[in-house]
Amino acid sequence: LIRRAIPYVKDSDLLEESEKDKITSYDLVMSRYVKSFQLEYIDLEGDKTDNWEADRTTTTQAVPSEVNISVTLDNPVGEPITLSTRVFIPVSVIKE
């Protein structure tokens, strides 16, 4: 599992334009043992999908209401280990 980071300072007004071009992203290895990483998105109606488009046509579905996250790690001394959690995203619906 690798995390790509781009320093926030690149967008800062405190740097000269010539300095901004010198800042690059970097990769941070989070774990070398990740066998799989899965996200499952759940909308307000409870429908599940593994793909979420941020530009949905209605504002009520701009973000999922829940996200299931699963990571499976290789275990050098036995069976792979799967860790899972569900994150609830508070959303509110404004009816016009």
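A salt bridge is a side-chain nitrogen of Lys or Arg within 4 Å of a carboxyl oxygen of Asp or Glu. The legends below refer to a predicted model.

**View 1. The salt bridge between R86 and E66.** The side chains of R86 and E66 form a salt bridge, with an N to O distance of 3.3 Å. R86 lies in strand β6 (residues 81-88) and E66 in strand β5 (residues 66-73), so the contact counts as a salt bridge between a nitrogen of Arg and an oxygen of Glu within 4 Å. The two residues are 20 residues apart, and the pair links distant parts of the chain. A search of the whole structure finds one salt bridge.

View 2. E66 counts as buried because its relative accessibility is 16%, and the cut-off for buried is under 20%.

**View 3. Strand β5 and its cover.** Of the eight residues in β5, six are buried, and the strand is mostly covered. Across the protein, 18% of the 96 residues count as buried.

**View 4. Pairing of β5 with β3 and β6.** Strand β3 (residues 34-42) pairs with β5 in the antiparallel sense, over eight bridges. Within this pairing, E40 has N68 of β5 as its bridge partner. Strands β5 and β6 also run antiparallel and are joined by eight bridges. Here S70 has S84 of β6 as its bridge partner.

View 5. Four strands form an open sheet in the order β4-β3-β5-β6, with antiparallel pairing. The edge strands are β4 (48-49) and β6, each of which pairs on one side only. Y41 stands opposite T49 of β4.

**View 6. The protein as a whole.** The protein contains one helix and six strands, which follow the pattern β-α-β-β-β-β-β along the sequence. Of the contacts between residues at least 6 apart in sequence, 43% join residues at least 24 apart. The protein exposes about 8100 Å², and carbon and sulfur atoms supply 52% of that area.

Conventions
Residues numbered from 1 in each chain as written. Predicted model: local features only at pLDDT ≥ 70, side-chain atom pairs only at ≥ 80, totals over all residues. Heavy atoms only, no water. Buried < 20%, exposed > 50% of the residue type's maximum accessible area, 1.4 Å probe, protein only. Contact = heavy atoms within 4.5 Å. Areas by Shrake-Rupley, 256 points an atom, 1.4 Å probe, with all protein chains shown as cover. Pairing = 2+ DSSP bridges.
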